[in-house]
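Okay, thanks everyone, I'll keep this short. Have a look at the model on the screen and then I'll walk you through a few spots.

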Amino acid sequence: MGAEAGEPSSILSLAAAFSYGVASMAMVFVNKAVLMQYVHSMTLLTLQQIATALLIHFGQVLGMSKRKDFSLITAKKLLPVSIFYNANVGFALASLKGVNIPMYIAIKRITPLAVLVAGCMRERETTDTVICTATGVLIAALGDFSFDLYGYRMALTSVFFQTMYLILVEKSGAEDGLSSVDLMFYNSILSLPFLFFLIIATGEFPHSLTVLSAKAASLTFSVILIISLVMGIVLNFTMFWCTIVNSALTTTIVGVLKGVGSTTLGFVLFGGVEVHALNVTGLVINTFGGVWYSYAKYKQKKKTPRKIQHDVESHAHK
C-alpha cells in the first residue's frame with residue numbers, strides 16, 4: 001500500500017487498531033455481565049487463559065494457525081510480560097465488581113499518565129492533555145454516588161500494570177519477530193502456573209468451581225460465560241496485533257477513544273449508576289482530555305513515523 005519496507009501499511013495498521021477497539025469495548029461489558037453473576041474473577045481469568053492455550057494448540061495441530069516452536073529462552077524473556085498482563089487483568093476484573101462502567105473507563109483512560117511519568121513528562125502538549133484527563137477523573141469521582149474505594153484502588157493499580165505490559169509487548173514483538181499468536185500462546189502458558197497459585201492461595205479454588213457448576217445449569221449464564229471465553233481470546237489477539245503492528249502508544253490511544261462509546265453505553269446498559277452533575281461534568285472533561293491526547297499523539301506520530309516489522313512478516317522468520 002505504498003508503505004516503506006519494514007513499515008506496516010496504513011490499512012493493516014487501521015485494521016489492527018479498529019479490531020482492538022471493538023474487542024476491548026465488548027470485553028468490558030461481557031466481563032461486567034459475568035461478574036454480576038459470578039464474582040470469582042481470578043478463576044474467570046484462568047479459564048480464559050486455558051481456552052486460549054487450547055485453541056492455539058489445536059489450531060496448529062489442525063493446520064489452521066502457525067506459531068514458532070516453544071523456546072525456553074523466549075519464555076524467560078516474555079515472563080515479565082505475562083506477569084504484568086495477568087496483574088493488569090486481575091486488578092481490572094476485581095475493580096469491575098465494585099466500580100460502574102463509566103467510572104471504570106474514566107479511570108483506565110489515565111493510563112497515558114503513567115507513560116508520561118515514565119518519560120519524565122517531556123512533552124508539554126501531551127502533558128496538558130493528560131492533566132485534563134486526570135482532572136476529569138477526580139471531578140467525576142467526587143460526584144460518584146456508588147463510590148467504592150476498593151474498586152478504585154484496583155482500577156488504578158490495573159492502569160500501572162497495563163502500561164508496563166504494553167511497553168514490554170511492543171519491545172518483544174519488534175525485537176524477537178514474534179506474531180500475535182506467538183505472544184498469546186507464551187502468555188497463556190506462562191500465566192497458568194501463576195494463576196493456579198493465586199486461585200488456591202486466595203481461597204477461590206475449589207469453591208469457585210462448585211459455584212461455576214451450579215451456575216452452569218442456567219442457559220443464560222452459560223452463554224455469557226462462553227462469550228467471555230471467546231472474547232478473551234479475541235481481545236488478546238487484537239491487543240498484541242495492534243501493539244506489534246502499531247505501538248504500545250497506539251494501543252493506549254485506541255483504548256482512550258473506545259472509552260467514549262463505552263462510557264455512554266455503560267450508563268444505558270447497566271443499572272446502578274446514579275447521575276450527579278459533578279460525575280457527568282468530570283466524565284465529559286475526562287473524555288475531552290482523552291480525545292485531545294489522541295489527537296496530539298496522532299500529530300506526533302505523523303512527524304516521526306515508526307518503522308517496525310509487522311505481524312504478518314514475523315512468520316517469515318519461522
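Let's start in the loop between α8 and α9 (207-215), where P206 has its place. Helices here are DSSP runs of H or I with at least four residues, strands are E runs of at least two, and both are numbered from the N terminus. F205 and P206 are joined by a cis peptide bond, with omega at about 5°. As a reminder, most peptide bonds are trans.

Some housekeeping. This is a predicted model, so local features need pLDDT of at least 70 and side-chain atom pairs count only at pLDDT 80 or more, while totals for chains, interfaces and linings use all residues. Residues are numbered from 1 along each chain as its sequence is written, and side-chain values use heavy atoms, with hydrogens and water left out.

Now the overall picture. The protein has 12 helices and zero strands. Of its 318 residues, 53% are buried, meaning under 20% relative accessible area, with exposed being over 50% and partly exposed in between (1.4 Å probe, protein chains only). If you take contacts (heavy atoms within 4.5 Å) between residues at least 6 apart in sequence, 89% of them join residues at least 24 apart.

Next, helix α10, residues 219-245. The 27 residues of α10 reach 39 Å from first C-alpha to last, close to the 39 Å expected at 1.5 Å a residue; that expected span is 1.5 Å times one less than the number of residues. And α10 is mostly covered, with 19 of the 27 residues buried. V245 has its C-alpha 9.8 Å from that of A15, although they're 230 residues apart along the chain. A15 itself lies in helix α1 and is partly exposed, at 30% relative accessible area.

What about the inside? The largest nonpolar core has 66 residues, and L78, Y104, Y165, L183 and M239 have the most contacts inside it. Several helices each supply at least two residues of this core, including α1 (10-35), α3 (72-96) and α7 (149-176). By core I mean a set of buried Ala, Val, Leu, Ile, Met, Phe, Trp, Tyr and Cys residues joined through side-chain atoms within 4.5 Å. Leaving out neighbours within four places in sequence, Y104 is in contact with V28, A92, S95, L96 and V99.

N187, in helix α8 (residues 180-201), is buried at 4% relative accessible area. Beyond four places in sequence, N187 touches Q49, V81, S82, Y85, N86 and F240. Then there's T43 in helix α2, also buried, with 4% relative accessibility.

Last stop, the second largest pocket, at about 190 Å³. Which helix gives the most to its lining? That's α2, with four residues, while α2 (41-61), α8 and α10 each supply at least two. The lining comes out as nine nonpolar residues, two polar and no charged. Among the lining residues are L55, M184, I233 and F237. For the terms: on a 1 Å grid over the protein atoms alone, a pocket is an open set of points with protein on both sides within 12 Å along at least five of seven lines, a 1.4 Å probe being used, and lining residues have an atom within 4 Å of a point. The volume is the space filled by probe spheres set on the points, joined across faces, edges and corners. Ala, Val, Leu, Ile, Met, Phe, Trp, Tyr, Cys and Pro count as nonpolar, Asp, Glu, Lys and Arg as charged, and the others as polar.
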